[in-house]
Amino acid sequence: NLHWAFIQDGIHTPYTIAIPSMHRQAALEPPQDLPSLGTPFSIKPDLGGGGWGVITNATGWDDVVGMRRLLPNEDLILQEFVEPTLVGGRRGWFRVLAACGRTFPCWWDDRTRLFGSAVDDEEAARLHLEPLWTIAEAAARISGLQVFSTEVALVADGRFIVLDYVTDPVDLRFQPHAPEAIPAEVARAVAEALSAYIAAAA
């Protein structure tokens, strides 16, 4: 279970409750710890990523029931709602791509689900964003994956909270061909990392 593996590795995660799919368990009572999520809370498919199928304004069990009916074959994750702090005038939300030992953090808008620019070394040092690299390295070690992305928010108390632990496969479309795609320079760097990894393994 990635959630517990991340916690055991010292990575901050939101309060989370796993809900089985309607296909696996049709009748289900509200979990006793549902109030621990607070309101609003997020509901997302256990498999997926990049914001697909996610609602962030759930307020009670009726919303969970509605999502189970909408996605009857999907296990769901209920998560405490996380509000990022402002970092350099931007919302502190990031999507971090990892490829064969290299890490490419990007600004990401959790409301529009669109990528911003890549986080460069100067920006990382000035805004103290180095934990994004540490988190990606831990995620690679825990998951055993060579290519994936993870979603991280920086909150007001200084914690970096991982919300979407490991997204695999990664959508490698790049801008400007799709508005929700990754920055072109990041796509190029990921391709170079993959090429180097394949060449070394040949």
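Helices (H or I, at least four residues) and strands (E, at least two) are DSSP runs, numbered from the N terminus. The structure shown is a predicted model, in which local features need pLDDT of at least 70 and side-chain atom pairs count only at pLDDT 80 or more, while totals for chains, interfaces and linings use all residues. Residues are numbered from 1 along each chain as its sequence is written, and side-chain values use heavy atoms, with hydrogens and water left out.

Figure 1. Along the principal axes, the C-alpha atoms fill a box of roughly 50 × 40 × 35 Å. Of the 202 residues, 43% are buried; buried means under 20% relative accessible area, exposed over 50%, and partly exposed in between (1.4 Å probe, protein chains only).

**Figure 2. Strand β10 pairs with β7 and with β11.** Two strands pair if DSSP finds at least two bridges between them. Strand β10 comprises residues 147–154, and seven of its eight residues are buried. With β7 (residues 93–99), the pairing is antiparallel over seven bridges, and Val96 stands opposite Thr150 in β10. With β11 (residues 160–167), the pairing is also antiparallel, over five bridges; here Ser149 stands opposite Thr167 in β11. Strands β10 and β11 form a hairpin with five residues between them, and Gly158 in the turn has a positive phi of about 95°.

Figure 3. Pro40 is found in the loop between β1 (16–19) and β2 (41–45). Pro169 belongs to the loop between β11 and α5 (184–201).

**Figure 4. Cys100 and His128 each have a positive phi although neither is a glycine.** For Cys100, phi is about 55°, and the residue is found in the loop between β7 and β8 (102–109). Cys100 is buried, with a relative accessible area of 17%. For His128, phi is about 60°, and the residue lies in the loop between α3 (121–127) and α4 (131–143). His128 counts as exposed, at 57% relative accessibility.
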